[in-house]
Amino acid sequence: IAPHPPVAFQKMRVRVRADSASRLPPSPFPLPIEGGKVSFEMTMPMGDHRYALVAGTDGWQEAEVVLPFCKSGNPRWFAIVEGTVAGTPRRARFRLDLTRPSSTPGS
């Protein structure tokens, strides 16, 4: 995720890539993620945050994302990456904590 740490209400880039762990040595070429998408959820309902992954450079797939900061002060979100890799449906869940946006003078 860039920027790191991710900042609420600001555009961030999420990048994912699938590599084969079953190959020894691991393949230097990433495996494509067919129908790749990333969605975000947290403990409170915060709306629909689903994004399609698009091809990036060097085998990465990317999405530009904007997430809000919860009024409760809870910064914790979970990113769920889904897609088909080598003919097998795959799903992975990752934790991320947003930081509050910087306040500007006079706001």
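1. Confidence by element. Because the model is predicted, local features need a pLDDT of at least 70 and side-chain atom pairs count only at pLDDT 80 or more, while totals for chains, interfaces and linings use all residues. Residues are numbered from 1 along each chain as its sequence is written, and side-chain values use heavy atoms, with hydrogens and water left out.

2. Elements. The protein has zero helices and seven strands, so that from the N terminus on the elements run β-β-β-β-β-β-β; both kinds of element are DSSP runs numbered from the N terminus, helices being H or I over at least four residues and strands being E over at least two.

3. The four-stranded sheet. Four strands form an open sheet in the order β3-β2-β6-β7, and their pairing is antiparallel; two strands are said to pair if DSSP finds at least two bridges between them. The edges of this sheet are β3 and β7 (88-97), each of which has a single partner strand, so one side of each is left without a neighbour in the sheet. From one strand to the next the twist averages 20 degrees, with axes taken as lines fitted to C-alpha atoms (for helices, over the stretch in contact) and angles running from 0 to 180 degrees between N-to-C directions. Within the sheet, the antiparallel strands β6 and β7 are joined by 10 bridges, and V81 stands opposite A92 in β7.

4. The three-stranded sheet. An open sheet of three strands has the order β1-β5-β4, again with antiparallel pairing, and its edge strands, β1 and β4, each pair on one side only. Five bridges hold the antiparallel pair β1 and β5, and R13 stands opposite E64 in β5.

5. The nonpolar core. The largest nonpolar core has 22 residues, and those with the most contacts inside it are V38, F40, V65, L67, W77, L96 and L98; such a core is a set of buried Ala, Val, Leu, Ile, Met, Phe, Trp, Tyr and Cys residues joined through side-chain atoms within 4.5 Å. At least two residues of this core come from each of β1 (12-16), β2 (33-41), β5 (61-65) and β6 (76-85), and β6 gives the most, with four residues. Leaving aside neighbours within four places in sequence, V65 is in contact (heavy atoms within 4.5 Å) with Q10, K11, M12, V14, F40 and Y51.

6. A residue at the surface. A55 lies in strand β4 (residues 54-55) and is exposed, with a relative accessible area of 71%; exposed means over 50%, buried means under 20%, and partly exposed lies in between, with a 1.4 Å probe and protein chains only. Not counting residues up to four places away in sequence, A55 touches W60 and Q61.

7. Overall values. Buried residues make up 33% of the 107 residues, and the accessible surface comes to about 7,100 Å², of which 55% belongs to carbon and sulfur atoms; the areas come from the Shrake-Rupley method with a 1.4 Å probe, and for residues only the protein chains shown count as cover. Among contacts between residues at least 6 apart in sequence, 56% join residues at least 24 apart.
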